[in-house]
Amino acid sequence: MSILLEIKNLVKDFNIYQLHKEIRALKNVDLKLEEGKFIGITGRSGSGKSTILKCIYGTYLPQQGEIFYDSNKFGKINLAKASKREIIYLRQYEIGYVSQFLKSMPRVKASELVEEALIEMGSEKSYAKEEAMKILSHFEIDKALWDSYPNTFSGGEKLRLNIARAMVKKPRLLLLDEPTASLDQGSKEKVKELIIQLKAQGTTMLGIFHDLDFMKGVCDQELQMKDGMLSTMKG
């Protein structure tokens with residue numbers, strides 16, 4: 001199995017200017033993720049979990065280290081040094097990101113948000129509409145809300161819409177940043193079902209969780225984050 005993502009010696013610092021203090025969030029992090037596999041990372045809040053994903057996605061620029069991604073478009077590319085144009089392309093066509101928070105245009109309806117995720121990849125309008133309906137139904141988002149604006153949604157509804165928008169694209173690499181936060185047990189199971197389906201279709205995933213119990217049997221490897229360092233979970 002080929003390596004889709006490899007992180008080498010990743011270091012990320014944050015400056016707390018008002019305290020004249022520097023915090024090291026990531027300390028020489030190494031990680032290898034094989035194509036088609038799913039690695040789950042757990043750890044306390046503030047341990048550095050989300051920082052890893054944001055460095056991969058290009059939200060944060062690390063102080064040192066390399067993040068090699070085997071892109072369909074660019075070949076083996078170091079995401080830590082990729083251009084803005086390359087990052088934008090990869091976000092649009094190859095790398096998906098699910099976070100706890102939904103950022104959307106205030107005057108775009110829920111169904112249109114999901115459809116646009118596919119249309120920007122070149123899908124026909126009719127196909128995008130059909131796939132949007134399928135995934136909104138899967139996450140049990142009330143049909144009455146499909147033509148509503150997300151800023152009227154509850155926190156749980158916004159999170160389910162955010163997950164639907166990212167997963168409908170079936171990306172090569174999917175980054176999951178606490179994808180089940182604020183969800184009830186039924187909604188968590190819907191997320192798990194779709195993760196299993198995407199994995200079967202070949203999507204590679206890296207996800208962070210407070211608790212990996214509900215993902216037992218789905219993750220191929222479980223890692224623990226503590227004080228900016230990764231280690232293999234015991235037991």
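Does S47 count as buried or exposed, and at what relative accessibility? At 6% relative accessibility, S47 counts as buried, a class defined as under 20% relative accessible area with a 1.4 Å probe and protein chains only, whereas exposed means over 50% and partly exposed lies in between.

The model is predicted, so local features need pLDDT of at least 70 and side-chain atom pairs pLDDT 80 or more, while totals for chains, interfaces and linings use all residues. Residues are numbered from 1 along each chain as its sequence is written, and side-chain values use heavy atoms, leaving out hydrogens and water.

**View 1. The loop that carries S47.** S47 lies in the loop between β3 (38-42) and α1 (49-57). Helices (H or I, at least four residues) and strands (E, at least two) are DSSP runs, numbered from the N terminus. The protein has six helices and ten strands.

**View 2. Surroundings of S47.** The S47 side chain reaches the backbone oxygen of R44 at 2.7 Å. Beyond its neighbours within four places in sequence, S47 is in contact (heavy atoms within 4.5 Å) with A25, M225, K226, D227 and G228.

**View 3. The fold around the site.** Of contacts between residues at least 6 apart in sequence, 67% join residues at least 24 apart. Of the 235 residues, 49% count as buried. The C-alpha atoms fill a box of roughly 50 × 45 × 35 Å along the principal axes.

Definitions and conventions
A polar contact is a pair of N or O atoms within 3.5 Å; within protein, one must be able to donate a hydrogen and the other to accept it, and residues adjacent in sequence count only if both atoms are side-chain atoms.
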